[in-house]
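Here are a few friendly notes to read alongside the model.

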Amino acid sequence: MSMRTPLSKVRGLGSAKSGTEHFWHQRLTAIANIPLVIFLAWFCVSKVGADRAEMAEALANPLVALMLVFTIISITWHMRLGMQVVIEDYIHGEGSKLICLLGNTFFSLAVALTGLFAVLKISFGG
Amino acid sequence: MAKSPMKERPLSPHLSIYKPMLTMTMSIVHRITGMGLYFGMALFVWWLFSAAHSQSYFDFVQGFIGSWFGRLALFGFTWALVHHALGGMRHLLWDTGRGFDLVKIEWMARATIAGSVILTLLIWIAAYAAR
């Protein structure tokens with residue numbers, strides 16, 4: 001015997017209403033990240049120790065700047081989802097869990113926006 | 001937030017009761033590389049930000065990242081990227097319901113370790129050759 005209402009069964013969202021979206025976004029960004037991390041690793045290694053003019057020259061290429069924009073968006077979204085799971089697994093206190101989840105969102109957003117701002121600023125001419 | 005009436009209930013036994021196995025270690029490494037990359041991305045963005053900020057600040061950050069220690073950390077970062085990506089590809093395969101038999105699981109775990117080292121080295125060689 002099920003205690004769920006017929007409407008709840010039809011909607012099929014479960015009690016949290018959002019698990020499928022988390023799962024799906026994790027996979028979506030995972031697939032996008034496969035080529036993007038190769039680019040990211042290559043970019044970092046090819047520019048480690050470079051001077052500022054070389055960095056500016058690389059980012060002046062719109063393809064490089066766009067790839068960095070894609071990479072930063074996809075990775076920061078993916079890492080926020082991943083860290084959320086880790087927090088939910090290991091932080092058991094309701095209060096500390098809430099604080100960690102808030103911090104996770106702020107941290108991921110800060111990394112994303114700082115990275116995007118920096119890329120666009122350099123790409124648009126320093 | 002209202003405090004939910006939680007009772008102290010027994011939790012299922014965790015890592016400590018299992019004999020360590022390769023696949024289990026790979027699962028743990030996947031999580032650890034994920035968390036390392038989480039903070040590594042902050043360093044990456046710090047580096048980009050310094051280039052957007054000023055010459056002097058960029059020289060300071062690039063001096064740190066360009067040092068032997070910085071390059072070693074960058075090698076770790078790129079290896080973690082590749083390892084986590086290959087580990088993630090195994091998960092994507094498992095999502096389709098394939099690759100669960102023990103021989104394949106063991107084989108894929110070994111391929112991930114070897115592949116992560118080889119691919120990382122290839123990326124470093126390609127990036128240094130293109131400089």
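1. How many residues of chain B are in contact with chain A? The answer is 37, and they meet 32 residues of chain A; contact here is C-beta atoms, placed from the backbone, within 7 Å. This is a predicted model, in which local features need pLDDT of at least 70, side-chain atom pairs count only at pLDDT 80 or more, and totals for chains, interfaces and linings use all residues. Residues are numbered from 1 along each chain as its sequence is written, with chains lettered from A and ligands numbered from 1 in the order in which they are written.

2. On the side of chain B that touches chain A, α1(B) gives the most, with 13 residues. By class, that side has 25 nonpolar, seven polar and five charged residues.

3. Please look next at B:L81. Leaving aside neighbours within four places in sequence, B:L81 is in contact with A:V37, A:L40, A:A41 and B:L37. In the largest nonpolar core, of 40 residues, B:L81 is one of those that touch the most other members, alongside A:A41, B:M41 and B:L48.

4. Within chain B, the axes of α1 (residues 22–53) and α2 (residues 55–65) come within 7 Å and cross at roughly 150°. The two are therefore roughly antiparallel (angles over 145 degrees). Residues making this contact include B:W46 and B:W47 of α1(B) and B:Y57 and B:F58 of α2(B).

Definitions and conventions
Axes fitted to C-alpha atoms, helices over the stretch in contact; angles between N-to-C directions. Helix = DSSP H or I, 4+ residues; strand = E, 2+ residues; numbered from the N terminus. Parallel < 35°, antiparallel > 145°, perpendicular 65-115°, else oblique. Contact = placed C-beta atoms within 7 Å. Core = buried A, V, L, I, M, F, W, Y, C linked by C-beta atoms within 7 Å. Buried ≥ 20, exposed ≤ 12 C-beta atoms within 10 Å, placed from the backbone. Nonpolar A, V, L, I, M, F, W, Y, C, P; charged D, E, K, R; others polar.
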